[in-house]
Amino acid sequence: MAEKIVVDPITRIEGHLRIEAEIENGKIKEAFSSGTMVRGIETIVRDRDPRDVWAFVGRICGVCTSMHSLTSVRAVENAFNITIPKNAELVRNLMECTVYLHDHVVHFYHLHALDWVDVLSSLKADPAAASAAAQKLSNWPNSSKGYFSDIQTRIKKVVESGQLGIFANGYWGHPAYKLTPEQNLIAVAHYLEALEWQRNVVKIHTIFGGKNPHPNYIVGGMPASINLDEANAINSERLAFVKKLLDEAKTFVDQVYIPDLLMIGGVYKNDWGKIGGGVSNYLSYGDFPTEGYNDVDSYKMPRGIILDRDLSKVHPVDANSPEEIKEYIYRSWYKYSAGDKAGLHPYNGETELNYTGPKPPYKNLDFNDKYSWVKTPRWKDLPMEVGPLSRMLVAYAAGAEPQKTLINNTLKALDLPAEALFSTIGRTAARGLETKLVADWALEFYDDLIKNIESDSRMVDHKLWSGEKWPKQAQGVGLSEAPRGALAHFVKIENRRVKNYQMVVPTTWNASPRDEKGNLSAFESALIGTPVHDPKIPLEILRTIHSFDPCLACAVHLYDEKGSYVHRMDTF
Amino acid sequence: MTNRKKLTVYEECLKKGVSRRDFLRFCAATATIFGLKASAAAQIAEALEKKSRIPIIWLHLQECTCCSESFIRTSHPILSTLLFDQVSLDYTETLMAPAGEQAEKSKHDTMEKYKGEYLLMVEGSIPVKNEAYCCINGKSAKQIIEEAAENAKAVIAWGNCASSGCVQAANPNPTGAKPVHKIIKRKPVINVPGCPPIAEVMAGVCVHLLTFGRIPQLDSLRRPKAFYSRRVHDTCYRRANFDAGLFVKSFDDENAKRGYCLYEMGCRGPSTYNSCGIIKWNEGVSYPIQSGHPCLGCSEDGFWDNSPFYERNPTLNAYGIEATADQIGLAIGAATAAGIAAHAVTTNIRKKKLIKNEE
């Protein structure tokens with residue numbers, strides 16, 4: 001007989017996610033993922049000036065802040081056939097690198113690490129042994145015995161106060177935690193250091209975009225002008241500031257993040273390198289153009305699709321094709337004019353809220369009916385995983401460098417077969433490796449910007465700023481790779497106003513409910529087969545769900561075989 | 001909160017008839033559980049006899065987490081100092097270790113143990129058109145906030161979502177998003193607007209509460225005067241260009257490259273109350289105008305519907321909270337000269353009103 005579990009709220013994510021799972025013989029047999037919050041922003045941007053939309057949709061997410069803004073200006077520029085100046089492309093790339101560096105580091109230490117790191121165990125560590133271990137990991141200077149001893153004292157003080165704050169009611173002491181006390185202490189120290197570091201790297205957004213979170217963008221380029229002879233513009237002082245922040249970011253990634261990732265990966269690889277794989281198809285739109293947004297071959301991250309984990313072939317993807325990407329609402333709380341079974345290409349997408357679930361407060365959702373605010377996107381009717389793992393796999397299969405060599409070297413260092421990539425650990429490792437690449441690319445973009453500024457200071461294409469020359473009707477798609485995966489914005493413009501706006505966001509691919517045929521999306525699929533030591537404690541569920549870095553509000557529940565949904569209850 | 005009579009854990013034990021011997025035994029047991037040396041028991045006892053850090057419950061409703069993201073970027077104090085030395089952030093879905101039932105337990109433990117003492121911080125708006133538009137653990141946002149506010153000492157509404165509904169409340173407000181003060185009537189609500197608020201402003205509000213033990217002085221819109229009594233326009237370093245009639249006409253034009261005033265590009269600085277020009281963003285690095293973009297007015301109620309953003313809007317409440325530009329009979333958005341004249345007139349009106357208010 002099965003045991004059911006509900007996890008709601010899933011914490012250490014962005015947004016509201018609920019997960020329900022059915023556990024049999026210590027393993028997850030069924031899982032349901034539900035997004036439990038909606039705001040209807042696609043409805044709100046209708047009839048607005050297309051130049052304003054980046055600001056509205058930017059507010060979809062303050063964690064991968066700026067990614068929706070970037071994708072929105074790309075969509076409008078695509079509709080009007082605007083090519084931005086080289087400087088603007090490089091500044092946008094630098095800002096996108098900043099999002100990756102910030103987001104991935106914060107995800108690893110502050111959203112994901114506590115799934116692998118036992119904070120209370122760090123109190124048992126010998127600071128001298130932790131120091132020796134840390135010095136073997138890298139050259140990071142904060143590694144003395146005294147340093148670790150101070151960190152330990154600080155944590156001890158919090159514990160002894162009886163007020164554990166964010167650490168209260170954690171899963172400390174759970175047998176699935178495998179790090180030594182010294183490894184835990186190193187990780188806790190770096191948790192605190194990353195917390196302090198992360199507030200610096202975002203200053204690159206502040207320099208070019210005026211603030212962070214939610215920096216400014218404009219259609220046609222970037223708002224900050226370059227003038228090397230002016231205090232009020234991007235000048236050598238501002239550029240030197242950016243360079244310093246990029247250098248510090250690279251050092252932190254190379255000397256702290258990657259060594260910690262390898263340390264933790266090395267301990268957990270044998271269990272978690274075999275589970276959590278989920279759907280076997282991977283989508284990446286690619287990103288970081290070096291010769292313009294329209295020259296996909298110039299992207300640092302290639303575009304394409306992997307099917308059935310076959311790394312010998314990369315399939316093309318065309319976001320404009322009405323036959324490829326479609327969104328379904330069979331299990332989602334929306335209404336389509338063509339009925340519940342229809343699939344709509346986003347250009348013709350509809351957003352009409354239609355809640356049919358139980359009235360809150362409720363204990364259970366009905367999984368035989370609609371059960372989520374997340375729509376179900378499909379590529380040629382197939383579920384796709386998106387995110388760092390998809391990007392690295394597409395790059396690997398396409399033979400792109402430096403991705404391929406980096407993946408091969410890492411597998412060798414951890415003594416793992418290529419199949420281990422399709423797992424919870426594979427996903428977490430791909431995110432770290434990608435961060436290393438982005439830290440290097442950011443310095444390349446910086447050098448290119450310096451070179452370009454010598455002969456060209458333009459930041460904006462003015463031709464189409466005033467709406468007078470716009471075509472009466474236009475449509476465009478903006479594609480990007482947000483830290484969490486493939487992101488697409490589709491805009492239709494008529495009489496200088498937005499006629500329709502649809503977004504297919506990364507977590508929509510990953511967290512969506514099943515489709516009409518019963519095919520599972522990435523979260524639900526990845527949980528199947530996951531061992532659960534104690535159904536009252538959802539640590540293992542968090543590991544796999546967090547490996548995707550979800551960006552929504554969801555919840556997890558357990559349900560029984562008769563279809564009645566119960567909150568944390570045995571059905572023996 | 002100046003005369004806070006919060007009982008320490010030890011005092012609570014005494015009140016409940018627990019003897020000192022049992023209390024010390026509990027401390028020793030705690031030390032064992034955490035794998036500490038026996039000597040730690042004395043330290044635990046000492047800490048529990050002292051006053052506790054202020055407990056905080058931070059709710060996430062209809063939001064994008066930008067307020068939490070801004071908060072973690074604070075530079076003075078830095079977040080770890082705040083979290084581990086000054087407050088006890090017992091519930092925040094973004095950072096807390098536990099999930100599901102254990103997360104709910106953290107919230108309920110604090111609500112019971114620190115009844116009337118904890119601070120409630122809210123990020124996000126509350127949908128009322130259908131409560132199912134935002135649910136956590138099966139409860140609606142409205143149910144959650146009403147329950148958590150019941151025994152809170154005070155409520156802080158972070159950001160534009162919680163203080164005025166923000167982007168989801170923009171026309172046509174499909175989910176019926178409401179700010180906190182429209183739902184919670186019986187508790188003091190401090191509005192800290194902005195999308196998001198500046199990190200140091202958020203930390204500043206916390207520090208004021210902790211250091212001085214009372215709510216900072218608020219204006220009529222419940223905003224802390226320390227951070228929201230000045231218009232961005234009045235504190236803008238480009239203000240001299242406005243006064244001299246030097247304006248950017250188009251992004252990246254020659255005037256933009258000289259850092260002239262962005263008023264004609266739609267800057268909302270003249271109608272926006274915030275600290276961007278003074279404290280600036282991310283440890284004082286820059287702010288939107290300094291980086292070439294007009295102010296969007298993100299700390300103002302209903303700023304999303306004062307669009308298009310890149311045009312002056314004659315119906316905009318352009319010169320302060322007293323009157324719209326149209327009401328004082330001047331057409332804005334036509335000639336800049338008229339704009340400057342209107343600006344001067346309304347500034348004077350505003351000053352007079354302020355003087356009157358002070359009296």
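1. A residue counts as buried if 20 or more other C-beta atoms lie within 10 Å of its own, as exposed if 12 or fewer do, and as partly exposed in between, with the C-beta atoms placed from the backbone. Helices (H or I, at least four residues) and strands (E, at least two) are DSSP runs, numbered from the N terminus. With these terms in hand, strand 1 of chain A can be described: E3(A), I5(A) and V7(A) point one way from it, K4(A) and V6(A) point the other way, and all are buried. Because five of the five residues of strand 1 of chain A are buried, this strand is largely enclosed by the rest of the structure.

2. A note on the source: this is a predicted model, in which local features need pLDDT of at least 70 and side-chain atom pairs count only at pLDDT 80 or more, while totals for chains, interfaces and linings use all residues. Residues are numbered from 1 along each chain as its sequence is written, and chains are lettered from A and ligands numbered from 1 in the order in which they are written.

3. Two strands are said to pair if DSSP finds at least two bridges between them. Strand 1 and strand 2 of chain A pair in the antiparallel sense over five bridges, and the bridge partner of V7(A) in strand 2 of chain A is I19(A). The two strands form a hairpin with six residues between them, and R12(A) in the turn has a positive phi of about 55°.

4. Most residues other than glycine have a negative phi, and most peptide bonds are trans. Against that background, a cis peptide bond joins D8(A) and P9(A), with omega about 5°, and P9(A) is found in the loop between strand 1 (3-7) and strand 2 (14-24) of chain A. Another cis peptide bond joins E401(A) and P402(A), with omega about 10°; P402(A) is in the loop between helix 10 (388-397) and helix 11 (403-414) of chain A.

5. N25(A), although not a glycine, has a positive phi of about 50°; this residue sits in the loop between strand 2 and strand 3 (27-35) of chain A, and is exposed, with 9 other C-beta atoms within 10 Å. D415(A), also not a glycine, has a positive phi of about 55° and is exposed, with 10 other C-beta atoms within 10 Å.

6. Chain B has 14 helices and nine strands, and buried residues make up 55% of its 359 residues. How far apart should the ends of helix 10 (residues 199-212) of chain B be? The expected span is 1.5 Å times one less than the number of residues, so the 14 residues of helix 10 of chain B should span 20 Å, which agrees with the 20 Å between its end C-alpha atoms. Among the buried residues of this helix are A199(B), V201(B), M202(B) and L209(B), and just after the helix, G213(B) takes a positive phi of about 65°.

7. A nonpolar core is a set of buried Ala, Val, Leu, Ile, Met, Phe, Trp, Tyr and Cys residues joined through C-beta atoms within 7 Å. The largest such core has 282 residues, and those touching the most other members include L94(A), A488(A), L120(B) and A157(B). Helix 4 (residues 86-112) of chain A gives the most to this core, with 14 residues.
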